[in-house]
Amino acid sequence: MNTAYYEDSKMLNAIFPGNNAIESAQRSIPTYSIFGIDTHTAINQEDQQFLDELIDRLMRAPLTGRAEKSLIFPLSRIISSRNNSTAPLVNVFVTPNEIRRLTHLCIESFKAQPMLLRLNPAPRLHIFGDLHGQLRDLRTQINEIGLPIDQSDSLQYLFLGDYVDRGVQSVETFVLLAALKCRYPRAVYMLRGNHEDHNTAITYGFYDEIMSKYANTVNPSNKGKGERIWLHFVSIFNWMPVAALIGEKILAMHGGLSPHLTNLQQINQIPRPTLTPSYGLMCDLLWSDPEPLSDPTASWAMSSRGISFTFDERTVISFCHRHHIELIVRAHQINTEMLQHGHKWFGQNGRLVTLFSAPNYLNMGNAGGVLVVEPSTTTANAYRVRVH
């Protein structure tokens with residue numbers, strides 16, 4: 001990896017920090033933030049215009065193929081076309097200069113948030129699971145729910161990670177969400193998924209997508225441009241928060257619980273910037289899964305994924321009682337039980353729900369589920385999942 005690609009030493013430290021950079025990051029990151037409000041709200045008018053134009057172009061770009069003239073799909077049409085393997089894509093291209101500029105805005109915005117967000121939910125909070133580069137479906141969902149423009153007091157979004165890999169428009173999907181997050185930091189929140197990591201995204205498609213879109217070997221002046229773009233995204237990943245506490249009663253993350261987690265404040269003590277480690281608290285928050293265990297005396301087992309753990313319903317109930325949590329919301333999985341509604345409740349007590357928000361993922365014909373949290377919600381069973 002050629003570090004000479006980066007003229008900005010601050011960017012390089014954000015990607016591969018030394019000990020001094022980590023210590024500095026720990027000092028600069030607040031350990032607690034009232035409701036997780038992003039304090040980096042003073043973006044100048046020029047940056048606001050840049051973000052507005054980028055968001056508008058990504059949301060309004062036409063589709064390729066026969067659906068080109070229609071931006072907002074009726075729900076019935078999305079459901080009926082789930083098995084269509086030739087679904088149209090969004091005809092849009094994000095330039096390298098736009099990615100570089102957005103990278104700096106993103107890092108500053110994520111740095112202003114703790115690793116554990118504390119959110120005071122608006123009247124409508126929508127929580128999304130995996131998206132995996134399905135830009136067209138994300139646009140449809142945002143259009144149906146509403147853009148956060150001038151609605152930060154009434155509408156919020158929380159995304160649980162896995163924006164990239166496997167889908168063919170991971171670049172544009174992540175850029176759209178990152179631009180919304182920077183432009184509306186009190187309405188749009190993003191957590192890190194296990195695919196928002198150098199080692200995972202280089203294996204499951206995101207790196208290859210970037211190389212195919214930005215590595216022009218024919219033009220000698222573009223040599224190395226794909227690698228530079230790749231490192232810009234990795235630098236953003238390394239600053240993303242990993243969990244959110246909503247209204248002091250809902251805990252959200254991408255993966256799941258951890259045997260290392262005894263106090264929620266431990267999450268804020270995870271240093272940044274960082275790659276995802278192969279063991280420990282941060283690894284589990286991004287990788288672990290709920291699963292009935294074959295040993296009735298065990299609460300944890302090694303995961304069949306080859307990384308992190310699985311945990312049973314007793315672990316969920318015990319954790320919720322100990323930390324006064326009403327519901328755990330996570331993503332990270334899809335199985336046959338989730339195909340019709342895009343979500344699955346774990347166990348008999350309804351204390352944990354898994355969301356998957358990318359419809360027709362890998363042509364599985366599945367629905368996408370989005371959890372709706374409203375102030376009138378008082379029990380776990382009352383939470384509503386919106387199906388796309």
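**Entry 1: the sheet.** I began with an open sheet of 5 strands, ordered β4-β3-β2-β13-β14 with mixed pairing. I looked at its edges next. There I found β4 (188–190) and β14 (384–387), each with a single partner strand, so one side of each has no neighbour in the sheet. From one strand to the next, the twist averages 25°. I note that this is a predicted model.

Entry 2: I picked β2 (residues 124–128) and β13 (residues 369–373). These two run antiparallel and are joined by 4 bridges. I checked Phe-128 and found it opposite Val-370 in β13.

**Entry 3: a helix on the sheet.** I then turned to α7 (residues 170–183). This helix packs on the sheet and touches β3 (155–159) and β4. Its direction makes about 125° with that of β4.

**Entry 4: the cores.** I looked up the largest nonpolar core and found 58 residues. Leu-102, Phe-174 and Phe-233 have the most contacts inside it. Several elements each supply at least two residues, among them α3 (45–60), α5 (96–111), β3 and β4. The largest share, 9 residues, comes from α7. I listed contacts of Leu-102, leaving out residues up to four places away in sequence: they include Phe-50, Leu-54, Val-175 and Cys-182. I also found a second, separate core of 27 residues, which includes Met-115, Leu-261, Cys-283 and Leu-352.

**Entry 5: an annotation.** Over residues 191–196 I found 0% helix and 0% strand. The end C-alpha atoms of that stretch are 9 Å apart.

Technical notes: Residues are numbered from 1 along each chain as its sequence is written. This is a predicted model: local features need pLDDT of at least 70, side-chain atom pairs count only at pLDDT 80 or more; totals for chains, interfaces and linings use all residues. Side-chain values use heavy atoms; hydrogens and water are left out. Two strands pair if DSSP finds at least two bridges between them. Axes are lines fitted to C-alpha atoms, for helices over the stretch in contact, and angles run from 0 to 180 degrees between N-to-C directions. Contact means heavy atoms within 4.5 Å. A nonpolar core is a set of buried Ala, Val, Leu, Ile, Met, Phe, Trp, Tyr and Cys residues joined through side-chain atoms within 4.5 Å. Buried means under 20% relative accessible area, exposed over 50%, partly exposed in between (1.4 Å probe, protein chains only).
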